[in-house]
Amino acid sequence: LDPALFERPKRGFVLPFDGGLVGTMSQNSELLTKALEAARSGKGMMDDALVKQTAERLPGDRCMELFVGTKAILDTVQGFMAMMGGGGDMQTPEQLAPIGIGMSTLGGGAQARVHVPLDVIKTFVEMGKQMEPKDGDMQGDDDMKGDAKPKF
């Protein structure tokens with residue numbers, strides 16, 4: 001067997017820093033530089049009020065935390081939907097808290113928590129309502145009532 005089959009692909013950078021680790025999920029040296037600068041200065045994501053709000057809901061003494069910015073993702077989905085001829089006119093709030101994932105490994109076990117802020121849930125629900133078909137739109141299987149044959 002070829003040993004290359006068992007090599008893990010390189011996915012990002014991880015460097016030791018001040019008793020912990022600083023890492024990126026991609027091999028982007030500029031991103032790693034900014035992450036190290038944020039770690040050195042102590043001024044990083046935790047200066048953002050919305051990130052702080054989410055972080056408060058994660059386990060204390062975390063050994064790992066991850067924040068997913070939902071506004072940028074929803075804006076991208078909006079653009080894609082507009083290209084496909086649907087949606088695209090839904091409004092996302094100017095400020096939307098990130099989804100937080102945190103893990104603690106105290107007490108001989110591990111605890112992981114995912115926190116989805118209420119404003120994110122409300123935005124998803126509202127966008128779902130806006131994507132529902134309106135009167136006159138295609139309703140799917142309504143044509144299949146009675147003895148109608150499928151249209152291929």
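How are α3 and α4 oriented to each other, roughly parallel or roughly perpendicular? The axes of helix α3 (residues 70–83) and helix α4 (residues 118–131) come within 12 Å and cross at roughly 10°; α3 and α4 are therefore roughly parallel to each other (angles under 35 degrees count as such). Axes are lines fitted to C-alpha atoms over the stretch in contact, with angles from 0 to 180 degrees between N-to-C directions.

The model is predicted: local features need pLDDT of at least 70 and side-chain atom pairs pLDDT 80 or more, while totals for chains, interfaces and linings use all residues. Residues are numbered from 1 along each chain, and side-chain values use heavy atoms, without hydrogens and water.

In the contact (heavy atoms within 4.5 Å), Thr-70, Leu-74, Gln-78 and Met-81 of α3 meet Val-120, Thr-123, Phe-124, Met-127 and Met-131 of α4. These residues divide into 6 nonpolar, 3 polar and no charged.

On the surface, Val-114, Val-116, Leu-118, Ile-121 and Val-125 form a nonpolar patch with about 420 Å² of accessible area together (Shrake-Rupley method, 1.4 Å probe). Patch residues have over 30% relative accessible area and no salt bridge, and nonpolar side chains are joined within 5 Å. Helix α4 gives the most to this patch, with 3 residues, whereas Val-114 lies in strand β5 (residues 111–115).

The whole structure holds 3 salt bridges, each a side-chain nitrogen of Lys or Arg within 4 Å of a carboxyl oxygen of Asp or Glu.

Glu-30 and Lys-34 both lie in helix α1 (residues 29–41), 4 residues apart, about one turn of the helix.

Terms used. Helices (H or I, at least four residues) and strands (E, at least two) are DSSP runs, numbered from the N terminus. Angles under 35 degrees count as roughly parallel, over 145 as roughly antiparallel, 65 to 115 as roughly perpendicular and the rest as oblique. Ala, Val, Leu, Ile, Met, Phe, Trp, Tyr, Cys and Pro count as nonpolar, Asp, Glu, Lys and Arg as charged, and the others, Gly among them, as polar. Patches are made of residues with over 30% relative accessible area and no salt bridge: like charges are joined within 9 Å, nonpolar side chains (Val, Leu, Ile, Met, Phe, Trp, Tyr) within 5 Å.
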